[in-house]
Amino acid sequence: MSDELGAALFEAAALIALLVAVALPLSSYVVAAMEGAPSMARKVMGPLERGCARIVGARPDDSMGWKRYLVGAVALTVVGMAVLFAILIAQGVLPANPESFPGLPADTAFNMAASFATNTDWQAVAGEARLSYFSQAVGLAVQNFLSPAIGIAVAFALMRGLRSAGAGGLGNFWIDVIRAVLYVLLPLALVGALIGVAQGTPQTLQPYETVQLLEPVGVDAEGNVVEADSPEAVQQVTQAVVPLGPQASQVAIKQLGTNGGGFNGANSASALENPTPLTNLLQCGAIMLLPLTLIFCFGRMVGDRRQGRMLMAVVIAMLAVAVAVCMAAEYAATPQLLDDGAVYVGGVEQSAGNMEGKECRIGTGETALWSVFTTAAAHGSSNGSMAGLTPLSQVVALVLMGLGEVVGGGAGTGLSSLVGFVILTVFIASLMVGRAPEYLGKKIGPAEMRLAVIMVMAPALVMLAAAAVLALVPAASASAGGDGAQGFTNMLYAAVSAGANNGSALGGFEADAPWPNLVLGLEMLLGRLVPIGCAVALAGRMAVLKPSAAQVGALSASGPLFAVLLVAVVLLVGALSLVPALALGPIALATA
Amino acid sequence: MDSMFKRAVRDSFAKLSPRCQLANPVMFMVYLSALLVTVLLVLSWFGIAEAPSGYIAAICVVLWATVLFGNFAEALAEGRGKAQADALRSAKRDVEAMVVGEEALAAAREEADPARAVEILRAAGRSLSSAKLSCGQLYLVCAGQQVPADGEIQLGAASVDESAITGESAPVVRESGGDRSALTGGTLVLSDWLVARVSAEAGHSFLDQMISMVESAARKKTPNERALELLLIALTLVFLAVVWTLYGFGAFSATSQGKANPLGITSLVALFVCLAPTTIGALLSAIGIAGMSRLNQANVLAKSGRAVEAAGDVDVLLLDKTGTITLGNRQAAAFIPVDGVSERELADAAQLASLADETPEGRSVVVLAKERFGIRERALSGNGFTVVPFTAATRMSGVDFDGHVIRKGAVDAVRAYVEGCGGSFSPQCVQMANQVASEGGTPLAVARDGKVLGVIQLKDVIKSGIRENFADLRAMGIKTVMVTGDNPLTAAEAGLDDFIAEATPEAKLEAIRRYQAEGHLVAMTGDGTNDAPALAQADVAVAMNSGTQAAKEAGNMVDLDSSPTKLIEIVRIGKQMLMTRGSLTTFSIANDLAKYFAVIPALLVPLYPGLEVLNVMHLASPASAMLAAVVYNALIIVALIPLALRGVKYREGGPNRLLARNLALYGLGGVAVPFVAIKGLDLLLAAAGVA
């Protein structure tokens, strides 16, 4: 192991440890906020909470059954999507459009609306090149708050269902969303935005600025940047346009709410969104903050902290393996890259490792860590090019996404999926010790199994189906951006990313075309709404089940053995379906 | 056994009908796959071939074998039940029943002489085929006749041979009134005669129920089975999607490079069958049927598989003390003299007082006196020897002998007697009695001529091995509760967790409800009519075959041996069923890892030669790899049939230890076994030159 790899792994370990240490107390705050317990924050924000509640006509004591709760969650997603769609179509005539961008075509607008309403934040077009300030700050940013809030609300409904003594409702959906936004997302995003501004991220409504380049560059006939005095240069460029806008506020919630859609196309690789080492570290940590916090919330909510700790251990273990593999692969690069002299891993004149597609300020280690976090957490932001990763790292990213939001996952939805896998594991483990399956004292019957199974398997089915459509429809496979294994990897990555509500992409994929816009947009909706529907219905079933007595001989669903089995079930059930596709994509590239 | 085997082979072909296959969705998909490949095979004979005809033929044969092996497992499991049902059916035949009227019964009741009574009944009776008997009719059955229908005995007592049902050759006594009044059709009256009222018509009798139960004709899938099936169906669908989409992925990969798609339908179908959870899918129903059949062999009839599964999950066991934990009655353990009386004097008086006492307790006093002091039994007749039997009023028994008045009885009864004679009751006796009671025994006071001699200590005798039984149960996580009156110390001594005092039917029902409200699953055994409400309330209710019709109706299982400890065995069988399912599911899913390593390189190497590195088993050729995987997939079903029928071994112990063991065995084993087996099959196939 090289020194650089060692240092990068050490940094990753330190950051993960720090995150866990922060998540623990934060979970206590989040539970208190979501459950309406008195707190300092409630003294300050209470009137605002009550005001919002009055506007939507919701009362905290109006606890909902699962159907009402689900109708709320779906309605808010669909209405939010419709509003965003309208804004994107009409941005040409809407205010705060200093660059006079025209409205988006319907297919692009549909894709983007579905993407941001489902917490995916897949961006078929670059924000700074196509979207007005109004679209960014009113359209996208609102969804960046609402979509994680819906996820958190659903996770809390599920936890309440599991905790219920047999006759409970799941809580009030609207109150849950209001609380998640006011107490969890807004304060964190506010702090994040202030730090961003202090570090140099723009936060303004002024138009884009044109600046003089220190050194002119040339552009050749194919549009590549060359030396200014190169004979191939057909054009000299002396000026650059710097996109401005309300970036800092957008970046903060994009990182915290497992959204991932950057203000700029380059996302956090851009110096504007991610200007300093401090912002890089904080943004990287912010990716995983809420998913990890919610895992501890789970332990608190169901009244068994060991459950939270066990799930945390499972998630951290899978995350650690992913980080280690990805970093090792990035620092080793591939024989092909080394042969061509395309990358230099010696570490004397530049950062060591595979610098292909990396931002020089950031380097290999931090990009590898970010790439793992962003695919583990159904996040999708990036601080380097995912396409520049070695094939093995892409396998890691695809597996993390393909597991279906389990290693952290989206805010709230990740926890729900994990609980689905826990139920599956409890079922198999209980049978193996000769007991009827029960989790947290609640019997798991055919109805519960059906919901859990659909919840954990639907994403894989959706991903495979979408990838097959992209591969088989000639008009769609034109977007692959390559042939053979490379083209297939691009397509597979897009399908998996959309199905997992992740939103990261491989640069080669030509996303803004009618077929991918439509297929991926539908996929994002299915990948979001089916698991949410199952989670809420499962919460409803669990809520009416009376818990059975704590039993001497009951299987411990929090022991190390159970944790090992859970990992095995997640990997076998979650990843086996992807293996053939991986073999045709990144594995074929890696073994070529 | 040989005929059972033959029948199973025959049945596995009969089960090829689509209707049979539909019952098992996973195997139905394999069935469709086999049909599809058969069509491809036929097409290949006409030159429309996507792969060499021989390869398609080989895959086709293996797929059909997979289906047949699944059928065979089920047929074999059913075989045992069918054999048992045939035996039962032979007991069920139409006989002529002697139907009598109500008046004849009333007249016979009046008649004191049984021989005359039966004359009256015979004279009034008319003959009717047992198939035509209807509920409420009365029938007479005499020595040497077969009981025509299930009934409730109204008059008479007789010894009955129930071996046709229980397999137990010793005859049992059946009589009117009490808890032994149920008469089962098909059994044989050996002596005397009985009048019974028909309680179940032909076709609905206990024997009919038994036949349908052991034949599993009325077998419904249990909730756990359905839940597991859902998981298996979902996995099957996912792998179906994997295979379908793989075709598209391959097409893109090939055409974009200007190559031909190497993925043929035959190979993809074979891949699907390999990946789908066929091992557990094929054995699932066999596991359930075999579990029920094991229960039948333990002489327990379950009315539903659900009850058996529930038994595996019971965590509170209500056991009657008498006969279950203790050996029937209490036994004298010591003589404790008071007030300076010698122990021998006390023993002598106690023996005299007990000579005429034929209860086991009384006998045990005589035995103890003989053991301790060699006091022999004396003649019961003779001058001045008057037996004073136990009465509810005095609550004492004893003798008047040689002018002495000797009495024994409960301490307070003797106290009343002593004080009635003008004496004062010895304080030392009270102290001793309390001590005996506090140690878990029952004190009996003995008095002679109005003076207390001492106390006899009666102790419950705990059955040997019962402590270990309860320790096992505790390790399983089951709490045992003793249903009894008097003393909790016996419960503690036997290793029980709790007891219910004053075991009235209401108290039992109340206790069950309380446990259930706390979220426990309760099992109990019972035989009496007054047990019926509690049996109906319990989650698992085992009625004794010797019990009343009401108890049998209320229970969801009938124990033909009428053994109170049978519940423990039922619990084990229930757990075993669940464990077998869980373990084989784990094994089946774990197998997929090795199958991928065999099949993926075989399929995709033509597209990307680099993928050869995934061929970690170094299989000879793509065709041999594919064949080895499907052959393994088919053979593993056969290899696991014995395990499915026998059940995974159940061991008491903490659930975590059990999980560790089964995970190591079936999880890690499931990963390792196919690597070895597929490599071995590949070597064989290559050596045989097949591929």
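Student: What share of the 592 residues in chain A is buried?
Tutor: First, some ground rules: this is a predicted model, where local features need pLDDT of at least 70, side-chain atom pairs count only at pLDDT 80 or more, and totals for chains, interfaces and linings use all residues. Residues are numbered from 1 along each chain as its sequence is written, chains are lettered from A and ligands numbered from 1 in the order written, and side-chain values use heavy atoms, without hydrogens and water. Buried means under 20% relative accessible area, with a 1.4 Å probe and protein chains only. By that cut-off, the buried share of the 592 residues in chain A is 61%.

Student: What radius of gyration does chain A have?
Tutor: The radius is taken over C-alpha atoms, and the globule rule is 2.2 Å times the number of residues to the power 0.38. For 592 residues a compact globule would come near 25 Å, which agrees with the value for chain A, 23 Å.

Student: How far apart are the centres of the positive and negative side chains in chain A?
Tutor: Lys and Arg count as positive and Asp and Glu as negative, leaving out His and the chain ends. Each charge is placed at NZ of Lys, CZ of Arg, CG of Asp or CD of Glu. Chain A has 25 positive and 35 negative side chains, and the centres of these two sets are separated by 29 Å.

Student: What are the spans of the C-alpha trace of chain B?
Tutor: They are taken along the principal axes of the chain. The C-alpha trace of chain B spans about 120 × 65 × 45 Å.

Student: Which elements are included in what covers the buried residues of helix 14 of chain B?
Tutor: The buried residues of this helix include Val365(B), Val366(B) and Leu368(B). Contact means heavy atoms within 4.5 Å. The cover in chain B includes strand 12 (331-337), helix 13 (343-354) and strand 17 (451-459).

Student: Which residue with a positive phi follows helix 14 of chain B?
Tutor: Its phi is near 65°. The residue that follows helix 14 of chain B is Gly374(B).

Notes
Buried means under 20% relative accessible area, exposed over 50%, partly exposed in between (1.4 Å probe, protein chains only). Helices (H or I, at least four residues) and strands (E, at least two) are DSSP runs, numbered from the N terminus.
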